[in-house]
Amino acid sequence: MFQEVSEPAAEALINLSLNSNLAAKMVEMGMIKTAMDVLYKPDSSITRLLVMLLVNLTQLDSGIVSLLQIEDEKMQGLFVMKLVRSFGRSSDETRDDPFDHVGSILVNISKKEAGRKMLLDSKRGLLKQILRQFDSTSPLRKKGVSGTLRNCCFEAENQLQNFLLISEFLWPALLLPVAGKKIYSEQDTSKMPLELGSALSIEREPWDDPEIRVEALESIYLIIVQEAGLRALWSVNGPRILQVGYEDEEDPKVMEAYERVGSLLVHGCGTEEPSTETSK
């Protein structure tokens, strides 16, 4: 009986939350806490719908503040930690994964500095958990990981160390989407860490979404504007990967993003930064 009532109710809330005025009212009424409480009840049958509601509500600044629990020092970050854990745990082998849309929530909260700082906090280890999902078979998850990482890279100037601490997850997430289709020679892969070299020495699925490739290149740009970031890219044979990927690329927007990164590799520093707008 509960499911018969709760599903249409949740669907109605999702539709209403598309109106920003109504969404703001919902946030004001404490809808984010309510959604999170119901989401983590053991018998919740509307998980996917509640996650979608949270996607809509976190498009508002007030919704982001509410989900981050900024105003509650003791609870701060608890909701985000729970969502990231669910995002990391649920298996994309099931075609209808209720936590797929968490990626879109993460993109939303990483548009704000407070959200980026929370995701980059090395004690919480959230970004590492998110990056583990970058090679998911779900396009929605891939987009979520890529957009979140790109937004977080706007903190690279002050938080570079926290990025480099998770290099084994960071570089595959950034370089594999832009590595092209070619199987790399042993000469190339021998200069790469195992997590990159082994992936590039075999046939692999191409990354079809040009938006993900552009976001990966913009993330790389934001990291290598910092001298230590540039050194880290050279240390994993990143420039060679970018060279091969560029030769394979056919999309003009993606090629432009490669060229912007290339200008840093040639000159050691760039003049034109990517758009300072975080991912939509």
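User: Is Asn237 buried or exposed?
Analyst: Asn237 counts as buried, because its relative accessibility is 13%. Buried means under 20% relative accessible area, exposed over 50%, and partly exposed in between, with a 1.4 Å probe and protein chains only. This is a predicted model: local features need pLDDT of at least 70, side-chain atom pairs count only at pLDDT 80 or more, and totals for chains, interfaces and linings use all residues. Residues are numbered from 1 along each chain as its sequence is written, and side-chain values use heavy atoms, with hydrogens and water left out.

User: Where does Asn237 lie?
Analyst: Asn237 is in the loop between α16 (227-235) and α17 (238-248). Helices here are DSSP runs of H or I with at least four residues, numbered from the N terminus.

User: And what is its phi?
Analyst: The phi of Asn237 is near 65°, a positive value in a residue other than glycine. Most residues other than glycine have a negative phi.

User: What about Gln69, which is not a glycine either?
Analyst: Gln69 has a positive phi of about 55°. Gln69 sits in the loop between α5 and α6 and counts as buried, at 9% relative accessibility.

User: New topic. How many disulfides are there?
Analyst: The structure has 0 disulfides, a disulfide being a pair of cysteine sulfur atoms within 2.5 Å.

User: What does Ser219 touch, apart from neighbours within four places in sequence?
Analyst: Ser219 is in contact (heavy atoms within 4.5 Å) with Leu149, Arg150, Cys153 and Leu174. Ser219 belongs to helix α15 and is buried, at 1% relative accessibility.

User: Which residues have the most contacts inside the largest nonpolar core?
Analyst: Leu67 and Trp171, in a core of 85 residues. Helix α15 gives the most to this core, with 9 residues. A nonpolar core is a set of buried Ala, Val, Leu, Ile, Met, Phe, Trp, Tyr and Cys residues joined through side-chain atoms within 4.5 Å.

User: What is around Leu67?
Analyst: Beyond its neighbours within four places in sequence, Leu67 contacts Ile32, Met36, Leu54, Thr58, Phe79, Val80, Leu83, Ile105 and Ile109.

User: Which residues of helix α8 are buried?
Analyst: In α8 (residues 113-120), they are Gly115, Arg116, Met118, Leu119 and Leu120. Their cover includes α5 (61-68), α6 (78-89), α7 (102-109), α9 (126-131), α10 and α11 (156-164).

User: Last one. How many cavities of 30 Å³ or more turn up?
Analyst: The search of the whole structure finds 1, and about 70 Å³ of space lies in the largest cavity. A cavity is a set of points, on a 1 Å grid over the protein atoms alone, where a 1.4 Å probe fits but cannot get out; lining residues have an atom within 4 Å of a point.

User: What lines the largest cavity?
Analyst: There are 13 lining residues, and Val145, Ser146, Ala173, Pro177 and Ile212 lie nearest its centre. Helices α10 (139-152), α12 (167-175) and α15 (210-224) each supply at least two residues of the lining.

Notes
1 Å grid on protein atoms, 1.4 Å probe; cavity = no way out; pocket = protein on both sides within 12 Å on 5 of 7 lines; lining within 4 Å. Points joined across faces, edges and corners; volume = space filled by probe spheres on them.
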